[in-house]
Amino acid sequence: MSKKNDVPMTDENLVEMHRKAKKRKKNKLILTIVIVVVIILVVGSAAIVMLRNRVSESVSSSDSEVLSAEVTTGSISTTVSGSGTLANEEEESIDVPSSLEIVEYYVEEGDTVSEGDLIATVTNASLLTALSDAQDALDELDEELEDAAGDEVSSTITSSVSGRVKYIAVSAGDDVATAMYDSGALMLLSLDGYMAVDVSTDSLTANDSVTVTASDGTSYSGTVESVSDGTATVLITDNGTTYGDTVTVSTSSGTEVGTGELYIHSQMAITGYAGTVYSVSVSENTSVSSGTTLLTLTDTETSANYDAILKEREETEEELETLIRIYKEGGICATASGTISALNSASSGSSSDASAVGTSTTSSGSATAAATSSSSSDSAAATTTSSSSGSSSSGTTTVATISLDENMVISISVDESDILSLSEGQEAAVTIDSIGEDSYTGTVTSISTSATSSSGVTSYSAEVTIPKTEDMLSGMSASVVITIEGVDDALLIPVDALHQTSSTAYVYTEYDESSGEYSGMVEVTTGLSNSSYVEITDGLSEGDTVYYTESSDDSSDFSMDFSDMGGGDMDFGNMGDSDSGSMGGGGGGMPGGN
């Protein structure tokens with residue numbers, strides 16, 4: 001027998017039970033979602049409170065002294081820093097013929113010299129020999145030049161066609177290449193007997209007869225060659241007319257229709273590329289035929305041998321002048337004022353020649369007497385100008401190098417992120433370790449665009465130039481700070497007073513001494529900053545007070561451990577079921593009925 005409350009399990013009953021089960025699942029899912037959202041909000045609020053508390057505790061619990069500062073107005077700038085060594089900006093070498101034998105040096109590296117001061121003496125024998133050799137070399141070169149002069153060819157420029165000379169751009173003595181650069185041609189010829197002028201008019205047609213009046217009043221008969229787009233081209237004779245003259249065109253009835261500039265109707269340009277104009281054989285308006293000489297040129301074709309001999313003679317002449325100067329001045333003297341930055345002391349040694357050419361100098365640098373010494377069998381070099389390449393058969397040697405004592409340069413390495421912010425002319429502060437803490441004002445004078453890479457880091461170089469002082473020596477270490485950009489009248493606070501997170505920056509404007517807690521947190525917007533100060537562009541006003549400690553770097557770095565709030569690990573498992581989606585690690589089915 002069935003119980004009294006038993007209900008027959010009909011199809012309708014089964015459907016109703018299934019509907020109620022689905023409803024219970026849906027209600028449980030909604031409840032689960034609500035619980036999760038509430039938990040998230042609670043945890044988030046607690047995290048924010050804990051973060052703020054930890055920031056406050058971190059700042060207030062610091063052992064550093066609590067400082068306060070007023071927001072002030074001042075100037076701030078950003079910089080690029082680097083280091084390098086001092087080098088002389090400009091140097092001049094003293095070179096002498098290697099046939100000379102150095103007797104003795106009268107200077108050392110680092111000595112200051114004036115132009116004309118004695119640098120070294122040479123043996124009398126080597127100097128006289130060098131003088132004789134140089135003069136003999138000049139005599140031989142002069143003979144070679146005379147022989148090579150036959151290679152020089154005088155050229156003529158002739159007309160290859162018949163025509164009339166209408167324009168001459170050169171005269172005797174003119175350089176051909178210069179005339180071509182300035183005028184584009186040496187001469188212009190008219191080939192068909194006509195000059196032309198274009199005038200804007202609608203009253204003329206092709207083949208009309210017109211009158212063309214030159215600027216000097218001379219009238220010429222003309223014919224309209226063509227008319228196109230309201231412009232008529234009129235032809236007149238090239239005989240007697242002037243190239244470039246402004247003329248007036250009138251109809252046969254005398255009505256003026258316009259003005260224009262005469263040009264050559266069919267033109268040939270006479271050109272050239274080298275030489276000097278010796279003579280002009282024709283004049284403007286001269287009629288010429290094929291083969292007529294137009295210009296005679298000189299210096300057009302000189303053999304390579306002649307040029308080489310001429311250059312060698314110039315160098316030998318310069319060497320002779322140097323030797324004569326050494327002979328007259330009593331030794332090798334400074335060619336400029338400055339500091340001896342390098343000395344070829346290896347060229348000084350013992351010599352069997354007891355006589356020497358040289359002078360001793362007083363403190364004022366004046367020559368007083370001949371110096372004698374027994375030294376130097378080694379040869380030195382041969383010309384006393386920094387630009388001389390030397391031309392003696394034995395070559396030249398640098399006896400000494402003089403720094404001109406005007407400026408020094410420091411080459412620094414610049415990171416690729418900073419190089420585009422540099423420009424020539426920017427001011428730089430330079431300190432030199434071995435001299436002291438004084439700062440010298442320099443200028444960026446050179447920026448290299450060639451990069452160097454090392455260990456994946458790309459850098460460029462820049463040069464800073466500073467005026468040289470007597471304490472500065474080549475090779476000294478120097479530190480450079482280049483000012484990139486700056487702001488005047490900026491609101492400034494100490495950089496230690498600023499606290500930053502990944503999304504905001506803020507300061508504390510209040511401090512409770514009794515509790516040791518900071519408050520009055522104000523979010524701010526920052527601008528330029530350096531190692532000491534930061535610019536505030538929004539959030540504070542001049543005169544506001546901020547509180548901070550010197551060690552505030554850790555205030556922006558916190559990690560959250562939710563176990564601190566007593567919750568431990570949060571597990572939302574078993575809050576859903578396998579049919580409606582899992583919110584956690586478990587599930588389980590809803591019961592089928594009561």
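Picture a 1 Å grid laid over the protein atoms alone: a cavity is a set of points where a 1.4 Å probe fits but cannot get out, and lining residues have an atom within 4 Å of a point. Grid points are joined across faces, edges and corners, and a volume is the space filled by probe spheres set on the points. The model here is predicted, so local features need pLDDT of at least 70 and side-chain atom pairs pLDDT 80 or more, while totals for chains, interfaces and linings use all residues. Residues are numbered from 1 along each chain as its sequence is written, and side-chain values use heavy atoms, with hydrogens and water left out.

So what turns up? There is 1 cavity of 30 Å³ or more, and the largest cavity holds about 30 Å³ of space. Around the largest cavity sit Glu89, Glu90, Ser403, Leu404, Asp405, Glu406 and Asn407. That lining splits into 4 charged, 2 polar and 1 nonpolar (Ala, Val, Leu, Ile, Met, Phe, Trp, Tyr, Cys and Pro count as nonpolar, Asp, Glu, Lys and Arg as charged, and the others, Gly among them, as polar).

## Helix α2 and the cores

Helices (H or I, at least four residues) and strands (E, at least two) are DSSP runs, numbered from the N terminus. Helix α2 covers residues 124–148, and its 25 residues should span 36 Å at 1.5 Å a residue, which agrees with end C-alpha atoms 36 Å apart. (The expected span is 1.5 Å times one less than the number of residues.) Among the buried residues of α2 are Leu127, Leu131, Leu138 and Leu145; buried means under 20% relative accessible area with a 1.4 Å probe, protein chains only.

A nonpolar core is a set of buried Ala, Val, Leu, Ile, Met, Phe, Trp, Tyr and Cys residues joined through side-chain atoms within 4.5 Å. The largest one has 25 residues, and Leu100, Ile119 and Ile332 have the most contacts inside it. α2 gives the most to this core, with 5 residues. A second, separate core of 22 residues includes Met408, Ile410, Tyr460 and Met476.

Two strands pair if DSSP finds at least two bridges between them. β33 (residues 499–500) and β34 (residues 505–512) run antiparallel, joined by 2 bridges, with His499 opposite Tyr506 in β34. These two strands form a hairpin with 4 residues between them.

β34 also pairs with β35 (residues 517–523), antiparallel again, over 6 bridges. Here Tyr511 has Tyr518 in β35 as its bridge partner. This hairpin has 4 residues between the strands, and Gly516 takes a positive phi near 70°.

Technical notes: 1 Å grid on protein atoms, 1.4 Å probe; cavity = no way out; pocket = protein on both sides within 12 Å on 5 of 7 lines; lining within 4 Å. Buried < 20%, exposed > 50% of the residue type's maximum accessible area, 1.4 Å probe, protein only.
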